[in-house]
Amino acid sequence: MMKIEAIIQPSRLESVKEALLEIGVEGITVTEVRGHGRQKGHTEVYRGREYTVDLLPKIKLEMVLADGLANRAVEAILKSAKTGKIGDGKIFLSRIEEAIRIRNEERGEGVL
Amino acid sequence: MKRMGVACCGLIILVLTAFPLLAQQASVPATPPAPTASVATPEVPQAVTEKLNQLEQKVTAAQSSADNAWMLVSAALVLLMTGPGLALFYGGLVRQKNVLAIMMQSFALMALITVLWALVGYSLCFGGNGPVIGNFEHAFLRGVGAAPNPDYAGTIPQTTFMIYQLMFAIITPALITGATAERMKFSGTVLFMTLWFLVVYAPMAHMVWGKGGLLNASQGGRFPTLDFAGGTVVHVTSGVSALVCALYLGKRVGYPRQPMPPHSLVLSFTGACLLWVGWFGFNAGSALASNGLASSAFVATHFGAAAAALGWSMAEWLKHGRPSALGAISGAVAGLVAITPAAGFVGPIPALAIGFIAGLSCFWMVTRIKGMFRYDDALDAFGVHGAGGTIGALLTGVFAQAAINPIFGAGKPVGGLDGRWRQVGNQLVGVLIAWSIALVGTIVLLKLVDLLTGVRVQEEHEVAGLDITLHGEEGYNLET
């Protein structure tokens with residue numbers, strides 16, 4: 001089992017969700033987050049005073065998938081989240097030891 | 001709170017004993033000219049004379065109804081400027097944790113000044129005919145009823161005049177809260193504003209608008225200052241006092257290192273638009289009648305605001321590359337401030353000029369001068385009201401015309417455009433007196449209030465936000 005965490009531009013959320021649905025991803029967690037990578041922020045000016053806004057709004061997607069599906073999901077995210085501009089985000093992959101369904105305490109890949 | 005109560009009582013006693021002395025030195029009021037008696041020849045039957053008298057009464061009553069309707073609406077419009085207008089405008093500009101505290105200050109003044117007005121305020125502003133301050137003729141609103149007061153507004157009940165003028169007294173101290181925002185104690189604010197209203201506002205209002213006042217233009221003041229709707233009385237006094245307060249209180253914790261952007265420009269935008277609308281009552285209502293002068297002031301007000309919004313936006317666009325919403329609304333407010341003293345004296349084209357000049361200069365004040373001197377006028381009460389009011393008062397002397405308002409008598413020149421440049425000097429005297437009384441009054445009162453209740457909140461409270469620490473509530477509980 002693999003966990004995919006992807007930080008993407010808020011404007012790409014709909015197309016990423018569609019692309020994941022298409023390849024058969026069934027469970028996904030979406031969080032509105034703020035942060036920055038190398039892109040840093042932008043400046044805002046209020047009555048001549050400049051403020052640097054360094055934490056920008058982003059979307060974090062999390063999903064745990066069977067190994068075979070995880071690779072295809074990464075490809076789908078890459079394709080659908082890319083605008084080619086700085087600030088498109090990152091994808092992080094990690095191995096998952098166990099998954100447990102709370103309702104019936106079932107364990108393993110079957111619960112995904 | 002107890003100390004505050006004692007202080008208030010002390011002050012009221014002081015006022016009660018001191019001011020009648022001043023007021024009584026004034027000259028005996030001139031007796032109004034006797035109405036010219038109609039020559040009733042014996043041939044006119046009694047019935048015709050009676051009918052004529054009835055008609056005359058009906059004409060007077062009709063004019064009074066029309067004027068009274070407009071003035072009551074104007075009074076409501078001016079109240080609308082404080083709440084919700086100014087409360088929203090300022091509320092949006094502060095950080096989220098202080099939104100209720102700043103709105104509450106405006107609202108508290110709506111209640112506080114109203115009570116003071118009924119007790120002594122109206123009388124100190126408009127009672128008697130002293131040169132500096134009124135007397136106690138109308139204390140507890142004695143003698144204020146349905147009958148007009150011919151000294152001020154001969155066609156409307158004095159009650160209407162009284163309630164209309166009250167709304168000005170409410171918004172003036174409320175404007176100062178823009179400079180003290182996010183760090184002044186509520187108790188200190190209440191006490192300071194009470195004293196400030198009595199010591200700074202009342203004498204200034206009487207000098208400019210009160211009968212016999214030193215600066216009164218229509219009733220023979222020593223230095224006739226043209227101030228149609230309160231450029232000196234409202235904006236210069238509040239703006240200059242705001243600067244003193246900002247300097248006395250010191251900077252907010254973290255200023256200017258830490259970002260303090262407005263928490264909701266949507267609120268500020270709504271507030272600014274309400275201010276613009278309310279200002280028609282403020283300026284056009286200052287004609288005190290529903291007449292041509294009111295229309296002229298209405299038009300000048302609107303044109304001044306529009307030109308100033310464009311002026312500020314243009315300057316910002318050139319300087320920062322983008323015209324901002326906050327810039328546009330700040331410009332409009334600056335224009336409204338500057339056109340206030342001029343509204344009933346200038347034509348529409350000079351109004352455009354005054355507005356445009358005010359928009360540019362207030363932009364410069366707020367973006368350059370404030371940064372150079374490094375004082376923390378949190379919401380720019382001085383940069384907009386102090387600077388805009390001063391510029392407007394001086395430009396009134398330049399652009400005032402007898403064709404719009406022959407205040408010195410039919411055919412007599414009024415301002416610079418009429419060739420009477422001396423008026424600019426009179427305006428300067430008015431402005432200097434307003435600056436002086438505001439500077440001295442505010443320094444003394446702040447010192448006094450600091451001893452009695454303190455003026456600044458504790459640092460932990462400031463960091464946590466005044467909403468929760470001073471009022472025990474929060475502006476937004478969005479997730480409940």
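This is a predicted model: local features need pLDDT of at least 70, side-chain atom pairs count only at pLDDT 80 or more; totals for chains, interfaces and linings use all residues.
**Conventions.** I number residues from 1 along each chain as its sequence is written, letter chains from A and number ligands from 1 in the order in which they are written. Local features need pLDDT of at least 70 and side-chain atom pairs count only at pLDDT 80 or more, while totals for chains, interfaces and linings use all residues. I take helices as DSSP runs (H or I, at least four residues) and strands likewise (E, at least two), numbered from the N terminus.

**Entry 1, single helices.** I looked up α8(B), residues 292-320. The helix has 29 residues and reaches 42 Å from its first C-alpha to its last, close to the 42 Å expected at 1.5 Å a residue. The expected span is 1.5 Å times one less than the number of residues. Just after α8(B), I found B:G321 with a positive phi of about 85°.

I then looked up α11(B), residues 381-399. Its 19 residues reach 25 Å from first C-alpha to last, close to the expected 27 Å. I noted 17 of the 19 residues of α11(B) as buried, so the helix is mostly covered (buried means 20 or more other C-beta atoms within 10 Å of the residue's own, exposed 12 or fewer, partly exposed in between, with C-beta atoms placed from the backbone).

I fitted axes as lines to C-alpha atoms, for helices over the stretch in contact, with angles from 0 to 180 degrees between N-to-C directions. The axes of α7(B) (residues 265-283) and α8(B) come within 9 Å and cross at roughly 145°. B:W276, B:W279, B:F280 and B:N283 of α7(B) meet B:A297, B:F298, B:T301 and B:A305 of α8(B), where contact means C-beta atoms, placed from the backbone, within 7 Å. I sorted this contact into six nonpolar, two polar and no charged residues (Ala, Val, Leu, Ile, Met, Phe, Trp, Tyr, Cys and Pro are nonpolar, Asp, Glu, Lys and Arg charged, and the others, Gly among them, polar).

I found the axes of α4(B) (residues 158-180) and α5(B) (residues 186-209) within 10 Å, crossing at roughly 125°. The two helices are therefore oblique to each other (under 35 degrees is roughly parallel, over 145 roughly antiparallel, 65 to 115 roughly perpendicular, the rest oblique). Their crossing is right-handed. On α4(B) the contact uses B:A169, B:T172, B:P173 and B:T180, and on α5(B) B:T189, B:M193, B:W196, B:F197 and B:Y201. By class I have six nonpolar, three polar and no charged residues.

α9(B) (residues 325-339) packs on α10(B) (residues 348-373) at about 125°, with the axes 8 Å apart. This pair is therefore oblique, and α9(B) passes α10(B) in a right-handed crossing. Among the contact residues I listed B:G331, B:A334 and B:G335 of α9(B) and B:G355, B:A358 and B:G359 of α10(B). The classes are nine nonpolar, four polar and no charged residues.

**Entry 5, chain A.** I found ten residues of chain B in contact with six residues of chain A. The elements giving two or more residues to the chain B side are α9 and α10. That side divides into five nonpolar, four polar and one charged residue.

I located B:Q57 in α2(B), residues 46-93. B:Q57 is exposed, with 10 other C-beta atoms within 10 Å. Its C-alpha is 28 Å from that of B:H138, 81 residues apart along the chain.

Terms used
A crossing is left-handed if the near helix is turned anticlockwise from the far one by less than a right angle, and right-handed if clockwise. Two residues are in contact if their C-beta atoms, placed from the backbone, lie within 7 Å.
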